[in-house]
Amino acid sequence: MAQASPHIYSPPNPRKLSVSLELDHFPPLPEVAWKVLELTSDLYLGVDRLAEVISRDQTLTARILRIANSAFFQRLCEIKTVKHASTVLGNRKIRGIVIAASLGGILYRSPQGRLLWQHALGVGLAARELTGLLRVSVDAEEAFVAGLLHDIGKGLFDYQHPELFVQAASLASADPGLSTLDAERQVLGIDHVEIGGKVAQAWNLPESIKSAIRFHHDPSASPAHPHLCAIVCLADRSCLRVGIGPINKPDLDAMDFAAGAILGITEDELEQAQADFLERIEMDRGLFSFG
């Protein structure tokens, strides 16, 4: 089969620096991950088949076991094999863990990419935790995956324009009044939610995940998935506030009031949830530093 010509996305922006972003040159999730996602769509699939597929990739297997053994997945005993993980956690949790481990392989190639992965994992875990507060129904494992992938556009920035991405992140951290999106537009001529939507389309991600990527900074604009977008919004702000990732905004309010209104969460509830989340991170700091 002939190789398709690269899909190059060049944002028209005559007043600012614009960059070309080649979507076809951004590493996809590994083949093993796609196969696992296909298999776990059957929630009753036997663990032997799932373990067989995952175990073909030893690096991915090691990452999966590291995440599965974290305090966030409420393990009662040490998980030593993929088959054991599948048995103990079930297909829905394994699905999210495989995406987390695979995303680590894509992002963990540069110092800034490692920070991006830490932020992605932090937001995914925070989003998963926040579902326990809700008065609306949002699936915890879907929230985990949405949180993991919400900033995938930043991964493309770091992969193809790392120096400019560092500049944008530094600008956003240095100026409390400047949003991440505005900093990216100033430096790159495009923001991560716009290009992230292009990556989500190229990867053929589910519509709910596409929506979380596109609208996590403005959940009320999501036409079909405002609750999921609102959860990712609040999880993202919580991690930015405590410096989990490349951008640190300690003066940022944890609460986005539009997101809080969508979910029916009070500011006090969110503050307590954040404190509980940080306490669990302290129990397992190594989770955020593995390669």
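The following exercises, each with a worked solution, walk through a predicted model of one protein chain.

Residues are numbered from 1 along each chain as its sequence is written. Because the model is predicted, local features need pLDDT of at least 70 and side-chain atom pairs count only at pLDDT 80 or more, while totals for chains, interfaces and linings use all residues, and side-chain values use heavy atoms, with hydrogens and water left out.

**Exercise 1. Describe the overall build of the protein chain, and state how its radius of gyration fits the rule for a compact globule.**

Step 1: Begin with the secondary structure, where the protein chain has 15 helices and two strands; helices (H or I, at least four residues) and strands (E, at least two) are DSSP runs, numbered from the N terminus.

Step 2: Turn to the dimensions, for the C-alpha trace spans about 55 × 55 × 35 Å along its principal axes. A compact globule of 291 residues would have a radius of gyration near 19 Å, and the 18 Å of the protein chain agrees with that; the radius is taken over C-alpha atoms, and the globule rule is 2.2 Å times the number of residues to the power 0.38.

Step 3: Consider burial and surface. Of the 291 residues, 52% are buried, where buried means under 20% relative accessible area, exposed over 50%, and partly exposed in between (1.4 Å probe, protein chains only). The protein chain exposes about 13100 Å², of which carbon and sulfur atoms supply 50%; accessible areas come from the Shrake-Rupley method with a 1.4 Å probe, and for residues only the protein chains shown count as cover.

Step 4: Finish with the contacts (heavy atoms within 4.5 Å). Among those with a separation of 6 or more, 63% join residues 24 or more positions apart.

**Exercise 2. Work out how helices H4 and H5 are oriented to each other, and which residues make the contact.**

Step 1: Two packed helices are described by the angle between their axes and the distance between the axes.

Step 2: Helix H4 (residues 82-89) packs on helix H5 (residues 91-107) at an angle of about 130°, and their axes are 7 Å apart. The axes are lines fitted to C-alpha atoms, for helices over the stretch in contact, and angles run from 0 to 180 degrees between N-to-C directions.

Step 3: H4 and H5 are therefore oblique to each other, since angles under 35 degrees count as roughly parallel, over 145 as roughly antiparallel, 65 to 115 as roughly perpendicular and the rest as oblique.

**Exercise 3. Locate Val145 and Phe277, and decide whether each is buried or exposed.**

Step 1: Val145 is found in helix H7 (residues 140-149), and with a relative accessible area of 10% Val145 is buried. Leaving out residues up to four places away in sequence, Val145 touches Gly96, Ile99 and Ile209.

Step 2: Phe277 belongs to helix H15 (residues 267-283), and a relative accessible area of 4% makes Phe277 buried. With residues up to four places away in sequence not counted, Phe277 touches Phe72, Gly122, Leu125, Ala126, Glu129, Cys239 and Ile244.
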